[in-house]
Amino acid sequence: MSSEYQIGRDKDEEFTFRGHTLGELQELSLDEVAELLPARQRRSITRGLTTEQEKLLKDAREAEEEETANDPLRTHLRDMPVLPEMVGLTFEVYNGQEFSRVLVEPEMLGHFLGEFVLTRTSVEHGQAGIGATRSSKFVPLK
């Protein structure tokens, strides 16, 4: 990969996303930002955000202006692309059972909010009880 498409940062370097700093990205319009995003996110933006997504983006812009970034914005929109104006804000994203907190960092640009909230938990099995298997039916008399 060429350095032009490098995402992220090294130690002591400012964050860049495809050759643009975070400040430059926040000044760009939504259409200009969409050109820099991966294909799936670019397609969802060019086809038009839903009314719910537009409302969430509007709330994020208002929260950024009012500097209430500590108050999380609650949403069910797991398919909302992470945009530059959302960086630094806290969201509570629904995972099907509860709301999980997500602090949006610059490295999350170009992903969806739902990618950072797991919907399935890991299963931890206990020991099998009596009657669980054929061998456990045998109970010694002594």
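The model is predicted, so to speak of local features asks for pLDDT of at least 70 and side-chain atom pairs count only at pLDDT 80 or more, while totals for chains, interfaces and linings use all residues. Residues are numbered from 1 along each chain as its sequence is written, and side-chain values use heavy atoms, leaving out hydrogens and water.

Let's start at strand β5, residues 90-94. Strands here are DSSP runs of E with at least two residues, helices are runs of H or I with at least four, and both are numbered from the N terminus. Of the 5 residues in β5, 4 are buried, leaving the strand mostly covered. For burial, the cut-offs in relative accessible area are under 20% for buried, over 50% for exposed and in between for partly exposed, with a 1.4 Å probe and protein chains only.

Now look at the neighbours of β5. Two strands pair if DSSP finds at least two bridges between them. Strand β4 (residues 73-75) runs parallel to β5, with 3 bridges between them, and R74 sits opposite E92 there. Strand β6 (residues 99-103) is antiparallel to β5 and joined to it by 5 bridges; Y94 has F99 as its bridge partner. β5 and β6 make a hairpin with 4 residues between them, and in that turn G96 has a positive phi of about 105°.

On to the charges. Side chains of opposite charge can pair when their charged atoms come close. A salt bridge here means a side-chain nitrogen of Lys or Arg within 4 Å of a carboxyl oxygen of Asp or Glu, and the whole structure has 5 of them. One joins E92 and R101, at 3.3 Å from N to O. E92 counts as buried because its relative accessibility is 11%, whereas R101, at 56%, counts as exposed. Salt bridges with shared partners link R74, E92 and R101 into one network.

K55 is exposed because its relative accessibility is 53%, while D59, at 22%, is partly exposed. K58 and E62 are likewise 4 residues apart in α4, about one turn of the helix. The closest N and O atoms of their salt bridge are 3.8 Å apart, and E62 is partly exposed at 33% relative accessible area.
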